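Please keep the sequence and the 3D view open as you read.

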Amino acid sequence: MTEVCKEVCSTALGPVEKWSLRSGSLSVEIISLGCVIKSIRTPDRSGQSADIVLGYDDLEGYLSNPRYFGAVIGRVANRIAKGRFMVEEKEYKLAINNGPNALHGGLKGFDKAVWTTEAVDNGVKLSHSSPDGDEGYPGNLNTSVTYRLEKNTLSVLYHAKTDHTTPINLTNHSYFNLAGQGTPDIYDHEVTISAESYLPVDDTMIPTGEVKPVEKTLFDLRKPVLLGSRLKEFPGPGFDHNFCLCSPGEPPQERICARMVHPGTGRVLEVSTTQPGVQFYTSNFLDGTLKGKGGAAYSKHSAFCLETQNWPDAVNQAHFPDALLRPGETYKHTTCFTFSVL
């Protein structure tokens, strides 16, 4: 049985709730600001526990949170080309906040909202209402995210309904380091991503439209790959790419998409999802200026993200999986993070 408890903390935004979930030796903290996963503590093979997600000791750090540590991203995670899209023959324009593009829901996305909470079996359900016109998006959107901790698995259930057709793409932006947050890099991690294809991007990180097989490329992670050696071969700053988990039009079904192993501690993270893609990101834009938990300076390649989601810019690319939610439909996806030791 999972222990669930809540405390209310004061911030400059007003009260923020912190929910603590514990199942055996695994514990998770969730805060209502940004629907953030604040900490995940797991044991290594010798039983030593460590927090394996990046973030801040105090809640004030999450008021700005420029790198989205642990946050739920919405309405649309990832990039929308030139911050523009068409819905029902009307063009919508968004804030440009990442080069020439719109990123992660805008200037005040779901990561900046204080969500309402309620206890559920083995976890907590957080809800947020995004009004018509919020950050330029159409329709009133009611969203909930439910975190449940059962045995050694943290499940995340995303649910949304709208009264007007709108793009939607929700994900969690946790940064992991299985050696423990604050460890300088992830070069000694081994990654496996069960994807036959990936999306090449242009120089502004927008998919070119090509769906490219991973075979005989540096993106072939179907068998375990040591991250340090692969990143040395990589032509750019690191991975920040969508791996395709299914074909457009395929009905969603939960599948294991990724596995990360840290041989030194024995910690293993396995990710499964109903989403059509996973954005693998190796924290290329962390540069040591952000001070996190325990005063750690988070530098380039000090963590990885496995952001389960729809394909980037899908609202503008007709052959990508459908990015629109229509009135009467329900947006529903699940992602599970399972922790173990070797």
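How many bridges join β11 to strand β12? The two strands run antiparallel and are joined by five bridges; strands pair here if DSSP finds at least two bridges between them.

## About the model

This is a predicted model, in which local features need pLDDT of at least 70 and side-chain atom pairs count only at pLDDT 80 or more, while totals for chains, interfaces and linings use all residues. Residues are numbered from 1 along each chain as its sequence is written, and side-chain values use heavy atoms, with hydrogens and water left out.

## The chain as a whole

Along its principal axes, the C-alpha trace spans about 60 × 50 × 40 Å.

Of the 342 residues in the protein chain, 58% are buried (buried is under 20% relative accessible area, exposed over 50%, partly exposed in between, with a 1.4 Å probe and protein chains only). Among contacts between residues at least 6 apart in sequence, 65% join residues at least 24 apart, a contact being heavy atoms within 4.5 Å. The mean positions of the 33 positive and 39 negative charges are 2 Å apart. Here Lys and Arg count as positive and Asp and Glu as negative, with His and the chain ends not counted; each charge is placed at NZ of Lys, CZ of Arg, CG of Asp or CD of Glu.

## A nine-stranded open sheet

Nine strands line up as β11-β12-β13-β14-β27-β23-β22-β17-β20 in an open sheet with antiparallel pairing. At the edges stand β11 (116-120) and β20 (225-226), each with a single partner strand, so one side of each has no neighbour in the sheet.

Back at the pair we began with, T116 stands opposite S127 in β12. The hairpin of β11 and β12 has two residues between the strands, and N122 takes a positive phi near 65° there.

## Further along the sheet

Which part of the sheet is largely enclosed by the rest of the structure? Strand β22 (residues 255-262) is, because six of its eight residues are buried. On one side, β22 pairs with strand β17 (residues 190-193) in the antiparallel sense over four bridges, and E190 stands opposite V261.

β22 also runs antiparallel to β23, with seven bridges joining them; H262 has R267 in β23 as its bridge partner. These two strands form a hairpin with four residues between them, and G266 in the turn has a positive phi of about 85°. Strand β23 (residues 267-273) pairs in turn with strand β27 (residues 331-341), again antiparallel and over seven bridges, with V271 opposite F337 in β27.

R22 sits in strand β2 (residues 14-23) and is partly exposed, at 37% relative accessible area. Although 19 residues separate R22 from E3 in sequence, their C-alpha atoms are 5.0 Å apart. Beyond its neighbours within four places in sequence, R22 is in contact with M1, T2, E3, S27 and L149.

G74 and R75 are joined by a cis peptide bond, with omega about 0°; R75 lies in the loop between β6 (72-73) and β7 (79-80). N65, in the loop between α1 (61-64) and β6, has a positive phi near 40° without being a glycine, and N65 is buried at 2% relative accessibility. D313 is another non-glycine residue with a positive phi, about 60°. D313 belongs to the loop between β25 (305-309) and β26 (324-325) and is buried, with a relative accessible area of 5%.
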